[in-house]
There are 2 protein chains.
Amino acid sequence: MPKANAFYAQSGGVTAVINASACGVIQTAREHRDQIGKVLVGHNGILGALNEELIDSSKETQRAIGGLRSTPGGAFGSCRYKLKSPEDDPREFHRLLDVFKAHNIRYFFYNGGGDSQDTANKVSQFSRKMKYPMQCIGIPKTVDNDLPLTDCCPGFGSVAKYVAVSTKEAALDVASMCATSTKVFVLEVMGRHAGWIAAASALAQQDAGDAPHIILLPEVPFRQREFLAKVKSTVKQRGYCVVVVSEGARYANGQFLGEAGGAKDAFGHAQLGGVAPTIAQMVKDKLGMKFHWAVADYLQRAARHIASATDVEQAYALGRAAVEFALDGKTAVMPTIVRTSDSPYRWKIGEAKLSRVANVEKFMPKSFISKDGFGITPRARRYLAPLIEGEDHPRYERGMPVYVSLKNQQVPKKLAVKW
Amino acid sequence: MPKANAFYAQSGGVTAVINASACGVIQTAREHRDQIGKVLVGHNGILGALNEELIDSSKETQRAIGGLRSTPGGAFGSCRYKLKSPEDDPREFHRLLDVFKAHNIRYFFYNGGGDSQDTANKVSQFSRKMKYPMQCIGIPKTVDNDLPLTDCCPGFGSVAKYVAVSTKEAALDVASMCATSTKVFVLEVMGRHAGWIAAASALAQQDAGDAPHIILLPEVPFRQREFLAKVKSTVKQRGYCVVVVSEGARYANGQFLGEAGGAKDAFGHAQLGGVAPTIAQMVKDKLGMKFHWAVADYLQRAARHIASATDVEQAYALGRAAVEFALDGKTAVMPTIVRTSDSPYRWKIGEAKLSRVANVEKFMPKSFISKDGFGITPRARRYLAPLIEGEDHPRYERGMPVYVSLKNQQVPKKLAVKW
């Protein structure tokens, strides 16, 4: 195949390690200059391709690209934007091919979750239909850990570590003070559909009775009576109770807990809430216990300072593998993590067809959820524990982590038509 | 002075480094076994003295005591409990002296904030009045950094580092996504009366225009119009806006922002709120911008994993100095941090009378707050920057920080009377 340029883009919610995948892609492409010209990166994800806003990564120094490995967020901009189906409206796909042709792009690397893998698959199908030769490779990324066919998703291990460490630390705080102060602490974490992140908080447990005492997963319908009984018995036994709740925790009828209060502000608007304050208020109202709550929100998925070394390594390896797949002539595939051993933890790179990855969500299996629904099983622990292993401390200067910011210089536009 | 035992207790909200002070006290006392017998530690702070629940720290190994230096929370239990004044009700003070006499305690180390220094001072006065020889030394501690006469308070540097790092990381996340997603991110941090913690978020700024773009301090009355105008102009200019708000932010009439919504839940109870969601909702209602918010709560003050090495070192040094002060025959004093140079940062241990520390709160001086009230001055930056310097990563095992838990074995009670 003659030498061509590559397109890379970050899609959807960013993570502490998505830039490590970018680093893997760009460094590996630079090692194969005979086959890959420039890596052109979409400014704000796929929108960069549609708008012909293509960042020229060759303008960045080796040092800057190397620094991506330890920089959180999306260094080139990401976006929440789902392409229409080419059957419904082929204009976006035609536009993408126009841009790719104009810039001699014949490698397409798309770094994202389920929707993004679907997009990569459609780009592959469409380019084949249009007889435009292009290798389309997906690179997995999602803090939610909800992609199928890969043992885990880059981004998850680091948020898991953040949540486990934060739970352990906050629990020590609450335990110190519970005799005269807060009895119940509620931490809200991400996970609208799947409870992987909340489940990872269980890695804070070392001995029986350690926090978190209750984990509320979206996979388990919320039962208020059982929940309150467990809070009560935990406080009686331990003096305090730590609850970790997924933002997607819901009642059996599907209603989210965060919506359930029905509270209005002074202007009559629905309370924006969050599920942690809702749960905390429930504990206060029904049990009369003093509470505190925290909502980690973006802090958890951006927390590069407490990233899992395993996660960083896998994110990088998947970026590298994506380029190697493309150079091997593969298309419409995604490199995956294949676990070969739990303990010691061993993994290798595998391969999945995009058509089998796209739009499939992986929930916590029943065998991972404890009988009472408020915790995880030893099997889940065996799965989760290796993913947070290892520290990859960023470099610090004057007390702050050193995160790179790129030049992000775009190549000149070649198309007369704007999108 | 004949050999006697020491009493040590942790008081009020715990921090990431209060145990480092405990480590300093106990290790230094162990170096002076000729003068100090056992360090008996109050179980749950001063309540441990009242209830004669005295933890025998001599039962702990050197390794366990050493581990306190890198363990957050209060390893012996802390409490929120303010002694009555001996003039109003001397019974508690008589009880304390009874317990101290029974256990041959003639050193009193009390590790806490303004209230605790007041208590230490009163214990000193009362014991003198009762002609019971006792060295009473306060050890400063408060994440709020609101004690006078010391350059800073142990606990603050670490929460400052946590907040600065978290702000920087979350800002990178928001910046990546702002073209199509969240425009305004609000982080709520501690600080009910003084804005030191929120101010420290400014250390995330490296270049002009960096986040946080707006800091809301309790010292500056909240003006909605100016705030919204600044959010709007920041989003216009930068594409996004990061706001860090003190939990104690308030209107000119003194009403807390967190109370202002007046929202009720379905049961008619006042919304527990938090100021971050209130601010976020205001942005949504008035500017129609997509928002996210986080409430760090206990996570910030427990975050030993991102502690400031400067803070850990000072916390330890103050514990050590307290014992040395006592051995020098001092009483009714508190060791302090005296800054001798900003850059390079240099400090030494000083000394303040408890009577001058007790019940005085140190707010952000006007010269530290920017003219528009939404940021800090270069002078504030010079003050704050050294406090977060240095990393003191805890040891990790299987991906989790190793925090010690003590035996906390109590000495047998000697008094017939229970409290």
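What share of the contacts in chain A with a separation of 6 or more is accounted for by residues 24 or more positions apart? In this predicted model, such residues account for 76% of those contacts. Chain A and chain B are related by a turn of 180°, and 71 residues of chain A are in contact with 71 residues of chain B.

**Chain A as a unit**

- Chain A contains 14 helices and 13 strands.
- Along the principal axes, the C-alpha atoms of chain A occupy a box of roughly 70 × 45 × 40 Å.
- The radius of gyration of chain A is 23 Å, which agrees with the value near 22 Å that a compact globule of 419 residues would have.
- Of the 419 residues in chain A, 61% are buried.

- The same surface is used by both copies, as 100% of the contact residues of chain A recur in chain B.
- Val295(A) is the residue of chain A that comes closest to the rotation axis, its C-alpha lying at 2.5 Å.

**Interface between chain A and chain B**

- The contact involves 71 residues of chain A and 71 residues of chain B.
- On the side of chain A that touches chain B, the elements giving two or more residues are helices H6 (156-177), H10 (275-287) and H11 (298-302), together with strands E9 (291-295) and E13 (400-401).
- H6(A) provides the largest share of this side, with 13 residues.
- By class, the residues on this side of chain A comprise 36 nonpolar, 21 polar and 14 charged.

**Packing of H1(B) and H12(B)**

- Two packed helices are described by the angle between their axes and by the distance between those axes.
- For helix H1 (residues 18-31) and helix H12 (residues 309-327) of chain B, the axes come within 7 Å and cross at roughly 35°.
- The crossing in which H1(B) passes H12(B) is right-handed.
- The residues of H1(B) that meet H12(B) include Ile18(B), Ala22(B), Val25(B) and Ala29(B).
- On the H12(B) side, the residues that meet H1(B) include Val312(B), Ala315(B), Gly319(B), Arg320(B) and Glu324(B).
- The contact of H1(B) with H12(B) has 13 nonpolar, 4 polar and 2 charged residues.

Definitions and conventions
Residues numbered from 1 in each chain as written. Chains lettered and ligands numbered in written order. Predicted model: local features only at pLDDT ≥ 70, side-chain atom pairs only at ≥ 80, totals over all residues. Least-squares fit on C-alpha atoms with pLDDT ≥ 70 in both. Contact = placed C-beta atoms within 7 Å. Helix = DSSP H or I, 4+ residues; strand = E, 2+ residues; numbered from the N terminus. Nonpolar A, V, L, I, M, F, W, Y, C, P; charged D, E, K, R; others polar. Axes fitted to C-alpha atoms, helices over the stretch in contact; angles between N-to-C directions. Left-handed = near helix turned anticlockwise from the far one by under 90°. Rg over C-alpha atoms; globule rule 2.2 N^0.38 Å. Buried ≥ 20, exposed ≤ 12 C-beta atoms within 10 Å, placed from the backbone.
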